[in-house]
Amino acid sequence: MIDADAKTSGPLDIRATPDEAFIRSMRERFAVEPEIDRVMTAKLRNRAGPGFVAIPLEVLGEGCAALIRSEIGGEFKLSNLRWLGGGASKLQVAFDLDWNGVESGKRRTTPMVLRMEPPASIVETSRQREFEILKAMHGVVPTPQCYWVDAEGKHLPHPGLIYGLAEGVTKPSARPSQQVTGIGTNFGPDLRPILADQFVRHMAAIHTAPADRLGGLESFQPAQVGSKESILRQINWWRRVWEEDRPEAVPLVEVATQWLIANAPALDHVSVVHGDFRAGNFLYSEESQKITAWLDWELAVLGDRHQDLAWTTGGHFGHYAEDGTT
């Protein structure tokens with residue numbers, strides 16, 4: 001539960017250079033899933049360290065090679081390293097891997113992507129959780145093949161994961177001026193209903209994924225039908241984010257927090273919740289007009305499907321129709 005005490009926890013400078021007492025107070029006040037606690041605690045402990053420093057592409061290539069070598073040995077070669085756009089809060093690098101595959105079969109070249117968090121991300125999340133949920137949802141909806149994860153940055157400069165490069169685009173190539181995040185993307189009146197049908201069917205498939213798909217989600221805390229705890233953990237998560245990073249106290253945040261707690265519904269069905277189900281987070285083929293991959297699973301939880309429904313229908317993700325008024 002969230003502490004109803006709305007008093008502040010210290011001046012702004014304690015958030016810039018948090019001490020162990022401040023970190024302990026955040027952990028005690030806001031109960032979150034263990035893996036989320038680990039990530040957020042690490043964020044605070046690293047905050048007083050060096051700020052963002054650009055990482056050369058070659059260093060990332062060496063880190064990828066070290067991670068892959070630890071998993072399959074040395075019979076491989078990386079080539080064609082290049083920066084990849086998208087993933088607004090994460091660093092992404094594409095490369096080609098010449099190898100014999102996970103099954104040690106015929107030599108082949110597989111296009112892959114490194115997705116790595118910078119030392120100061122827009123959203124602090126777990127690469128381990130993202131790795132697990134991508135593997136679980138592969139075959140439920142289109143997702144890239146997930147290969148390896150460096151959850152604590154043992155081989156890479158920061159935690160990261162490697163998955164297969166998915167083909168497709170996030171927005172019509174004829175509309176190049178839209179935002180990189182995909183928010184407000186206008187697919188046009190012809191393509192919109194085609195993608196919308198797939199969009200809704202994929203959301204339903206995620207929310208009704210069979211229980212045997214969830215067995216590998218070891219870094220996710222289970223949710224229980226009839227309980228409010230999974231929802232309260234979500235409130236705690238974002239309340240903790242606010243309290244750790246806010247520039248000043250805002251009483252309205254406390255009012256909203258207490259309203260959310262008082263009105264939290266009991267869970268009627270345990271679903272995988274994507275957490276950021278919207279345009280910009282899927283790829284589609286402009287030739288076949290099929291969605292080819294769902295990306296950015298970093299906010300996924302086990303909980304209430306209505307979270308995705310509310311998020312994806314938010315007005316801030318939409319735009320006016322062709323009539324300019326609807």
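The model is predicted, so local features need pLDDT of at least 70 and side-chain atom pairs count only at pLDDT 80 or more, while totals for chains, interfaces and linings use all residues. Residues are numbered from 1 along each chain as its sequence is written, and side-chain values use heavy atoms, with hydrogens and water left out.

**Overall build**

The chain has nine helices and nine strands; helices (H or I, at least four residues) and strands (E, at least two) are DSSP runs, numbered from the N terminus. The C-alpha trace spans about 60 × 50 × 40 Å along its principal axes. Of the 326 residues, 47% count as buried. Buried means under 20% relative accessible area, exposed over 50%, and partly exposed in between (1.4 Å probe, protein chains only).

**Salt bridges**

The structure holds 25 salt bridges, each being a side-chain nitrogen of Lys or Arg within 4 Å of a carboxyl oxygen of Asp or Glu. Three of them are listed here.

| Pair | Closest N to O |
|---|---|
| Asp245 and Arg47 | 2.7 Å |
| Arg115 and Glu298 | 3.2 Å |

Asp245 forms its salt bridge with Arg47. This pair links distant parts of the chain, 198 residues apart: Asp245 is in helix H7 (residues 229-245), and Arg47 is in the loop between helix H3 (34-46) and helix H4 (57-72). Asp245 is partly exposed at 38% relative accessible area, and Arg47 is partly exposed at 26%. Both belong to a network of salt bridges whose members include Arg27 and Glu244.

Arg115 forms a salt bridge with Glu298. Arg115 lies in strand E3 (residues 108-116) and Glu298 in the loop between E8 and E9, so the pair ties together parts that are 183 residues apart in sequence. Arg115 is buried at 1% relative accessibility, and Glu298 is buried at 8%.

**Positive phi angles**

Gln289 is not a glycine, yet has a positive phi of about 60°. Gln289 sits in the loop between strand E7 (282-284) and strand E8 (291-294) and counts as partly exposed at 30% relative accessibility. Asp296, also not a glycine, has a positive phi of about 55°. Asp296 is in the loop between E8 and strand E9 (301-303) and is buried at 16%.
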